[in-house]
Amino acid sequence: MNRTLYGNLIFELSKKGRKGYSLPQDYDRTHTTAELPEALRRKEAARLPECDELTVVRHYTNLSHNNFGVNDGFYPLGSCTMKYNPVINEEIAGLKAFAGLHPLQPAVTCQGALEVYYNLQESLAELAGLSEFTLNPCAGAHGELTGLMVIRAYHESRGDVRTKVLIPDSAHGTNPASAAVCGLEVVEVKSLADGTVDVEHLRQLLSEMGSEVAAMMMTNPNTLGIFEPRVLEITKMIHEAGGLMYYDGANLNALLGECRPGDMGFDVMHINLHKTFSTPHGGGGPGSGPVGVRKGLEQFLPMPRVVEAPTDSCTGESYVVDWGKSFEGKRGEELSVGNFFGNFGVMLKAYAYILSLGREHIKEVGPLATLNANYIKERLRDSYLLPIKGLCKHEVVFDGLVDKSTGVTTMDVAKRLLDYGYHAPTIYFPLLFHESLMIEPTENESKETIDAFIDVMHKIAEEAKTDPELVKTAPHNTPIGRVDDVLAAKQPVTTYWKTIAES
Ligand SMILES: Cc1ncc(COP(=O)(O)O)c(C=O)c1O
């Protein structure tokens, strides 16, 4: 990276009057502003940086080199899985025939896209053991909210007022947040020391408030990477109380092809396509959180959906858009494979991933993800504290270093990993332990990559003993050293001009 010049802020590179574009001399600006109401027009020019093209290109290219992605190196981020996206999937998603679709294009002109959409709905339903899916939600949390709204609509349709959602204390933060946004009251279910649901506590809660329970949300394997061994008993208890079971399918990669949420008794679920089906998670999207329901709940799914229809002998049309009652008369025959239908690009990648693995190889995803995580667990447990000893699924959680006498924390280990060219694992989540260090290798990584990572983790544990200051002040080899995370989170400075004015 050329830090001397291009490492500056783009505003610092600005030179008054410098331009990176040229417009024809007779370019008429008036028509671009004429339609804006006077009150909305700027009184003075925006204070944008003024740079020549090369400066802009080099500045942003250099900035991009500061980034670290799953294509740069091992990215063992637990929970927010950075799954490798095969290049072919990206190419398929970028095909002009898909990427160039207009959101309001008539259905008859994009039957291929609709077929993919429909087939993905069907494939997910089969993989999940459920009846029907909507692909509309754009993230896991968006799927949770959608699923809870489905549950609320189901109870309302029966004239049954239920306001409470049971959520284990190990749940991902989006679970209680989605329930609250849906207007439901969150009731926490305790975990046992081994990280699984405390079924006796659940029993007690159901005896106190069973008739008010709309649903229980469960992640299985949970956020500690542990499979809930009493899941069948739990789903039975909730159903007997008249509630529904919601499955947070963000960790589905651990079970893929091995067992299905529908068979475990779940009624509604979402899947994070951007974790299990080849799109890397994180960076603010784009994501996709399809929601599936068991038989009998289909009518509560949101519209629009793509449905198969008898082939039209004139147009050849076989897939149509069911806009549902709420859209009746508004959209007619118009179609959107754009935003009205969620993130289609992510769906294309998921579909390509499912097809390329096929029925026989998709079964290997769960066992391989599990094998990789357990291999790391067993090889690191001499240096890193393992609070839950049993078999984990796709991810493993340590509670910092075994030797706490050096004062080296999980944060320090994570920062030191950056010096060795690795992205940090998830830290300080789940909240059940003080020094959580959550590693998820995914099924994609080779043994060599995982071994090299393990060696570095051992090396850092050794450094913590021999030279703790080195670890505590890491990173040393990155463009920016240790930052004050708390200050950055609590008082972010996002306006360059403000910074200048204050300095
Ligand atoms: C267990 C679990 N549930 C829900 C979510 C929320 O997904 P999203 O970040 O797409 O909203 C995540 C995210 O990583 C997760 O790990």
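This section describes the fold of a predicted model, from its overall dimensions to selected details of its backbone.

The protein comprises 19 helices and 12 strands. Its domain assignment gives domain 1 (residues 1-66), domain 2 (residues 89-357) and domain 3 (residues 364-489). The centres of domain 1 and domain 3, taken over C-alpha atoms, are separated by 42 Å. Along the principal axes, the C-alpha atoms of the protein fill a box of roughly 75 × 70 × 45 Å. The radius of gyration is 26 Å, which agrees with the value near 23 Å that a compact globule of 503 residues would have. Of these 503 residues, 41% count as buried. Among contacts between residues at least 6 apart in sequence, 72% join residues at least 24 apart.

An open sheet of seven strands is present, with the order 1-7-6-5-4-2-3 and mixed pairing.

Strand 4 runs parallel to strand 5, to which it is joined by five bridges. Strand 4 also pairs with strand 2 in the parallel sense, over three bridges. Individual bridge partners can be assigned on both sides of the strand. Leucine 166 has methionine 216 of strand 4 as its bridge partner, and methionine 216 in turn stands opposite methionine 245 in strand 5. The bridge partner of methionine 218 is tyrosine 247, in strand 5.

In soluble globular proteins, nonpolar side chains tend to be buried together. The largest nonpolar core of the protein holds 112 residues, of which Ala215, Tyr246, Val268 and Met347 touch the most other members. Helix 13 (residues 344-361) supplies the largest share of this core, nine residues. At least three residues of the core are drawn from each of domain 2 and domain 3. The surroundings of alanine 215 can be given in detail. Leaving aside neighbours within four places in sequence, alanine 215 is in contact with Leu148, Ile151, Val165, Gly243, Leu244, Met245 and Tyr246.

Helix 7 (residues 174-181) has Thr174, Asn175, Pro176, Ser178 and Ala179 as its buried residues. The elements that cover these buried residues include helix 6 (140-157), together with strand 2 (164-168), strand 3 (185-189), strand 4 (213-219) and strand 5 (244-249). Helix 7 is followed by glycine 183, whose phi is positive, near 80°.

The peptide bond from methionine 303 to proline 304 is cis, with omega near 0°. Proline 304 lies in the loop between strand 7 (291-293) and strand 8 (305-308). A cis peptide bond, with omega near 0°, also leads from phenylalanine 429 to proline 430. Proline 430 is placed in the loop between strand 11 (426-427) and strand 12 (436-439).

Positive phi values also occur in residues other than glycine. Serine 79, which is not a glycine, has a positive phi of about 70°, and is found in the loop between helix 2 (53-65) and helix 3 (87-94). With 21 other C-beta atoms within 10 Å, serine 79 is buried. Serine 278 has a positive phi near 80°, likewise in a residue other than glycine. The loop between helix 11 (273-276) and strand 7 holds serine 278. This serine, serine 278, is buried, because 23 other C-beta atoms lie within 10 Å.

Terms used:
Residues numbered from 1 in each chain as written. Buried ≥ 20, exposed ≤ 12 C-beta atoms within 10 Å, placed from the backbone. Helix = DSSP H or I, 4+ residues; strand = E, 2+ residues; numbered from the N terminus. Contact = placed C-beta atoms within 7 Å. Pairing = 2+ DSSP bridges. Core = buried A, V, L, I, M, F, W, Y, C linked by C-beta atoms within 7 Å. Domains from an automatic or database assignment. Rg over C-alpha atoms; globule rule 2.2 N^0.38 Å.
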